[in-house]
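Trainee: I have this one open on my screen and want to go through it. Can we start with how the helices pack?

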Amino acid sequence: MNELIPNIGHYKNLLSYQKSDVIYQITYFFCNKFLTRGDRTVDQMIQAARSGKQNIVEGCAAASTSAKTEIKLINVAKASLKELLEDYEDYLKTRGHMQWAKGSAEFETMRRLGREHNDAEYFMKLIETRPPQTIANMAIILINQADYLLFRQLEKLSSDFINNGGFSERMSALRRKNRGF
């Protein structure tokens with residue numbers, strides 16, 4: 001393993017990425033099935049979902065040489081998903097649908113499913129026959145779960161940086177080691 005540039009960009013193993021991929025696929029389906037083509041909201045929602053997923057990928061790719069960039073991009077992913085969350089909540093409000101209340105049977109069932117599954121195929125089969133308000137509620141719960149995962153990821157990245165430094169510190173340490181200091 002290279003001491004200076006470690007290979008740490010295994011984003012597909014991250015629960016936050018897996019959950020974000022599920023959210024992107026659900027959002028793409030939802031927008032294309034239930035929203036009007038040409039509606040600016042369609043592009044906004046799909047792009048917010050895509051940004052949530054893609055910024056995790058980009059952050060992980062940058063991690064080898066820049067903790068700052070990784071942290072920044074993971075936070076951008078989190079912010080994009082918050083924007084998407086607001087769109088789903090607006091969808092429910094503007095159409096007179098209720099958002100599932102914490103503690104309700106629907107909420108708790110979906111919350112459990114979200115904890116147990118991170119594969120898009122599983123959720124895509126679930127949403128095929130569901131009405132749009134159910135899909136929106138499902139997405140809201142998954143987005144909140146992804147938000148929590150990203151928050152925890154940011155905490156860990158921050159802690160790792162504080163405790164271990166970043167690329168510049170590794171460079172300096174290796175140069176000192178190479179010089180015999």
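Predicted model: local features only at pLDDT ≥ 70, side-chain atom pairs only at ≥ 80, totals over all residues.

Trainee: Which way does H1 pass H5, left-handed or right-handed?

Mentor: The crossing of H1 past H5 is right-handed.

Trainee: What angle do H1 and H5 pack at, and how far apart are their axes?

Mentor: Helix H1 covers residues 15–34 and helix H5 covers residues 120–127; they pack at about 30°, and their axes are 9 Å apart. Angles under 35 degrees count as roughly parallel, and H1 and H5 are therefore roughly parallel to each other.

Trainee: Which residues make the contact?

Mentor: From H1 there are Asp 21, Val 22, Gln 25, Ile 26 and Phe 29, and from H5 there are Ala 120, Phe 123, Met 124 and Ile 127. Sorted by class, that contact of H1 with H5 has seven nonpolar residues, one polar and one charged.

Trainee: Ok, and H1 with H3? How do their axes cross?

Mentor: The axes of H1 and H3 come within 12 Å, crossing at roughly 35°. H1 passes H3 in a left-handed crossing.

Trainee: What meets what there?

Mentor: On the H1 side you have Ser 20, Ile 23, Ile 26, Thr 27, Phe 30 and Phe 34, and they meet Leu 81, Leu 84, Tyr 88 and Tyr 91 in H3. The classes for H1 with H3 are eight nonpolar, two polar and no charged residues.

Trainee: Next pair. Are H2 and H3 roughly parallel or antiparallel?

Mentor: Start with the angle: the axes of helix H2, residues 40–62, and H3 cross at roughly 165° and come within 8 Å. Angles over 145 degrees count as roughly antiparallel, and H2 and H3 are therefore roughly antiparallel to each other. H2 passes H3 in a left-handed crossing.

Trainee: Switching topic. How many salt bridges does the structure hold?

Mentor: It holds seven salt bridges. One of them joins the side chains of Asp 90 and Lys 93, at 3.7 Å from N to O.

Trainee: Where do Asp 90 and Lys 93 lie?

Mentor: Both are in helix H3, residues 67–94, and they sit three residues apart, about one turn of the helix. Asp 90 is partly exposed, as its relative accessible area is 30%, whereas Lys 93 counts as exposed at 55% relative accessibility.

Trainee: Give me another. What does Glu 121 form a salt bridge with?

Mentor: Its partner is Lys 125, and the closest N and O atoms are 3.5 Å apart. Glu 121 and Lys 125 are separated by about one helical turn, because they are four residues apart in helix H5.

Trainee: Are those two buried or exposed?

Mentor: Glu 121 and Lys 125 are both exposed.

Trainee: And Arg 152, what is its partner?

Mentor: Arg 152 forms a salt bridge with Glu 155, with 3.4 Å between the closest N and O atoms. These residues are three apart in helix H6, residues 132–164, so about one helical turn separates Arg 152 from Glu 155. Arg 152 is partly exposed at 44% relative accessible area, and Glu 155 counts as partly exposed at 40%.

Trainee: Last thing, the whole protein. How many helices and strands?

Mentor: There are seven helices and zero strands. Buried residues make up 41% of the 181 residues.

Trainee: What share of contacts join residues at least 24 apart?

Mentor: Among contacts between residues at least 6 apart in sequence, the share is 76%.

How values were computed:
Residues numbered from 1 in each chain as written. Heavy atoms only, no water. Axes fitted to C-alpha atoms, helices over the stretch in contact; angles between N-to-C directions. Helix = DSSP H or I, 4+ residues; strand = E, 2+ residues; numbered from the N terminus. Parallel < 35°, antiparallel > 145°, perpendicular 65-115°, else oblique. Left-handed = near helix turned anticlockwise from the far one by under 90°. Contact = heavy atoms within 4.5 Å. Nonpolar A, V, L, I, M, F, W, Y, C, P; charged D, E, K, R; others polar. Salt bridge = Lys/Arg side-chain N within 4 Å of Asp/Glu carboxyl O. Buried < 20%, exposed > 50% of the residue type's maximum accessible area, 1.4 Å probe, protein only.
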